[in-house]
Amino acid sequence: LLLNLNSGQSSPSCKMSVPVLYYVVEGEGELLVEDEHYKLRAGSVAIVPAEITRIISATTEMRVLGVQVL
């Protein structure tokens with residue numbers, strides 16, 4: 001999945017049944033994993049375990065690649 005977010009835009013809150021690896025292709029923002037906030041920028045990699053709520057919010061225009069880990 002390639003997620004394109006405009007500055008100030010956020011992804012919907014979601015919870016996946018499998019772990020997801022996120023790679024930030026471009027831009028800056030934040031990953032909210034349950035109650036923890038993580039800064040993201042181009043080149044950042046994050047893995048969110050299965051069944052954990054997550055939201056990605058863009059500070060600048062962002063492109064984030066999400067890969068389900070089976």
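Glu 51 is partly exposed, with a relative accessible area of 46%; on this scale, buried means under 20%, exposed means over 50%, and partly exposed is what falls in between (1.4 Å probe, protein chains only). Glu 51 sits in the loop between β6 and β7, and its phi is positive, about 65°, although it is not a glycine. The model is a predicted one, in which local features need pLDDT of at least 70 and side-chain atom pairs count only at pLDDT 80 or more, while totals for chains, interfaces and linings use all residues. Residues are numbered from 1 along each chain as its sequence is written, and side-chain values use heavy atoms, with hydrogens and water left out. Strand names follow DSSP runs numbered from the N terminus, where a strand (E) has at least two residues and a helix (H or I) at least four.

**Strands and how they pair**

- Two strands are said to pair if DSSP finds at least two bridges between them.
- In general, strands of a sheet pair through backbone hydrogen bonds, either parallel or antiparallel.
- An open sheet of 4 strands runs in the order β2-β7-β4-β5, with antiparallel pairing. β2 and β5 stand at its edges with a single partner strand each, so one side of each is left without a neighbour in the sheet.
- β4 and β5 are antiparallel and are joined by 6 bridges; Gly 29 has Leu 40 in β5 as its bridge partner.
- β4 also runs antiparallel to β7, with 5 bridges between them, and here Leu 32 has Ile 55 in β7 as its bridge partner.
- β8 pairs with β3 in the antiparallel sense over 6 bridges.
- β8 is joined to β1 as well, by 4 bridges and again antiparallel; Leu 2 has Leu 65 in β8 as its bridge partner.

**Turns and loops**

- The strands β4 and β5 form a hairpin with 2 residues between them, and Glu 34 is in the turn.
- Glu 34 counts as partly exposed, at 45% relative accessibility.
- Asn 6 is found in the loop between β1 (2-5) and β2 (14-15), and it counts as partly exposed at 49% relative accessibility.
- Which residues does Asn 6 touch, leaving aside its neighbours within four places in sequence? They are Ala 58, Thr 60 and Glu 61, where contact means heavy atoms within 4.5 Å.
- Asn 6 and Thr 59 are 53 residues apart in sequence, yet their C-alpha atoms are 8.2 Å apart in space.

**The salt bridge**

- The structure holds 1 salt bridge, defined as a side-chain nitrogen of Lys or Arg within 4 Å of a carboxyl oxygen of Asp or Glu.
- Arg 63 and Glu 26 form this salt bridge, and their closest N and O atoms are 3.4 Å apart.
- Arg 63 belongs to strand β8 (residues 62-68) and Glu 26 to strand β3 (residues 20-26), so the pair ties together parts that are 37 residues apart in sequence.
- Glu 26 also stands opposite Arg 63 in β8.
- Arg 63 is partly exposed at 35% relative accessibility, and Glu 26 is partly exposed at 30%.

**The nonpolar core**

- The largest nonpolar core has 14 residues; such a core is a set of buried Ala, Val, Leu, Ile, Met, Phe, Trp, Tyr and Cys residues joined through side-chain atoms within 4.5 Å.
- Tyr 22, Leu 31, Leu 40, Val 48, Ile 56, Met 62 and Val 64 touch the most other members.
- At least two residues of this core come from each of β3, β4 (28-33), β6 (45-48), β7 (53-58) and β8, and β3 gives the most, with 3 residues.
- Leaving aside neighbours within four places in sequence, Leu 31 is in contact with several residues, including Leu 40, Val 48 and Ile 56.

**The nonpolar surface patch**

- Leu 2, Tyr 23, Val 25, Val 45, Ile 47, Leu 65 and Val 67 form a nonpolar patch on the surface, with about 580 Å² of accessible area together.
- Patches are made of residues with over 30% relative accessible area and no salt bridge; nonpolar side chains (Val, Leu, Ile, Met, Phe, Trp, Tyr) are joined within 5 Å, and like charges within 9 Å.
- Accessible areas come from the Shrake-Rupley method with a 1.4 Å probe, and for residues only the protein chains shown count as cover.
- β3, β6 and β8 each supply at least two residues of the patch.
- Leu 2, in strand β1, is partly exposed with a relative accessible area of 43%.
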